[in-house]
Amino acid sequence: MAYILNIETSTKNCSVSISKDGKLIAIKELNNGNYSHAEVLHPYINDVITKAKITFKKLDAIAVSKGPGSYTGLRIGVSAAKGLCFALNIPLISVNTLQSLAMSITSISDDNSVIIPMLDARRMEVYSAVFNSDYNQIRDTKAEIICETSFLDYLEFSKVYFLGDGAEKCKSLIAHSNAIFIEAKFPSAKEMGILSNDKYKKNDIEDVAYFEPFYLKDFIVVPQKKRV
């Protein structure tokens, strides 16, 4: 029996859950269009512990969404997860953000379909990966600029499910008949439990001291213009 605290902060959705042997037993999240993670994350962690009717000492591991995603959001989630792991002396598990997002689709038309979760990377760029109907990754995670010919290798041969906030801006460009756009999907701790429990059983854990989020691109600080 494994209790895992799952933390998802890679996008504007601040999401926390408790899973027991991979099954969701408590969740709390906020997706109000703002990055309010620094203010609400720790209260949400306390809330799901209370909802699950357990104590922090009952936790067997902490799982965190590792990215790609928002630089600031990922830092907040990983910092919180590391602090809890150190304090409780329990392992840290990292979960692929895009795989977790892909698993929010539960009804797929056929086994040949593919799932392409996308996160907005500004302008016409997205972070994306490709998964088969069993949620196994079949193409590397990339930061890419979307155009009319994007993903044609998959669209010509199968139904393709696009989801995530990055998919919204691609509708006008990807007009293939096999393209299916799923709205209102975003990374959530709800889907993390299955993945974190599988990793826990395999002892697939991270080094708490040295683990870093998967940013995919370097963080660039843009200096503000001096006022005259």
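Predicted model: local features only at pLDDT ≥ 70, side-chain atom pairs only at ≥ 80, totals over all residues.
Five strands form an open sheet in the order β8-β7-β6-β9-β10, and their pairing is mixed. Strands β8 (137-145) and β10 (179-182) lie at the edges, each pairing on one side only. From one strand to the next, the twist averages 20°. Within this sheet, strand β6 (residues 114-120) and strand β7 (residues 125-132) run antiparallel and are joined by five bridges. Leu119 stands opposite Tyr127 of β7.

With a relative accessible area of 13%, Arg139 is buried, because buried means under 20%. Beyond its neighbours within four places in sequence, Arg139 is in contact with Ser128, Ala129, Val130, Glu144, Phe151 and Tyr154.

Attention now turns to the nonpolar interior. In soluble globular proteins, nonpolar side chains tend to be buried together. The largest nonpolar core of this model has 27 residues, and those with the most contacts inside it are Leu5, Ile7, Ile18, Leu59 and Ile62. Two or more residues come from each of β1 (3-8), β2 (14-20), α1 (37-51), β4 (61-65) and α2 (71-88). Helix α1 gives the largest share, six residues. Another core lies apart from this one; it has 22 residues, among them Ile93, Val95, Ala102 and Leu195. Not counting residues up to four places away in sequence, Ile7 touches Ser15, Leu41, Ile45, Ile62, Ala63, Val64, Ser65, Gly77, Ala81 and Met192.

Helix α1 deserves a paragraph of its own. This helix has 15 residues and reaches 20 Å from its first C-alpha to its last, close to the 21 Å expected at 1.5 Å a residue. Its buried residues are His37, Val40, Leu41, Tyr44, Ile45, Val48 and Ile49. An α-helix has 3.6 residues a turn, so residues three or four places apart point the same way. The buried residues of α1 pack against β1, β2, β3 and α2. After the helix comes Lys53, with a positive phi near 60°.

The loop between β3 (23-30) and α1 contains Asn31. Asn31 counts as partly exposed because its relative accessibility is 38%, between the limits of 20% and 50%. Leaving aside neighbours within four places in sequence, the contacts of Asn31 are Lys12, Asn13 and Phe186. The C-alpha atom of Asn31 is separated by 28 Å from that of Ala175, which is 144 residues apart from it along the chain.

In α5, Met192, Gly193, Leu195, Ser196 and Asn197 are buried. Their cover includes β1, β2, β4, β5 (92-95) and α3 (97-102). Just after α5, Asn203 takes a positive phi of about 55°. Asn197, found in this helix, counts as buried at 7% relative accessibility. Not counting residues up to four places away in sequence, Asn197 touches Ala2, Ile4, Asp21 and Gly22. Asn197 and Phe214 are 17 residues apart along the chain, and 20 Å separates their C-alpha atoms.

The aromatic residues complete the account, with a count of three aromatic pairs. Tyr71 and Tyr215 form a stacked pair, 4.6 Å centre to centre and with 25° between the planes. This pair links distant parts of the chain: Tyr71 belongs to helix α2, whereas Tyr215 lies in the segment after α5 (192-201), 144 residues apart. The two partners fall into separate accessibility classes: Tyr71 counts as partly exposed at 30% relative accessibility, and Tyr215 counts as buried at 17%.

Methods: Residues numbered from 1 in each chain as written. Heavy atoms only, no water. Pairing = 2+ DSSP bridges. Helix = DSSP H or I, 4+ residues; strand = E, 2+ residues; numbered from the N terminus. Axes fitted to C-alpha atoms, helices over the stretch in contact; angles between N-to-C directions. Core = buried A, V, L, I, M, F, W, Y, C linked by side-chain atoms within 4.5 Å. Buried < 20%, exposed > 50% of the residue type's maximum accessible area, 1.4 Å probe, protein only. Contact = heavy atoms within 4.5 Å. Phe/Tyr/Trp six-rings, centres within 6.5 Å; stacked < 30°, edge-to-face > 60°. Expected span 1.5 Å × (residues − 1).
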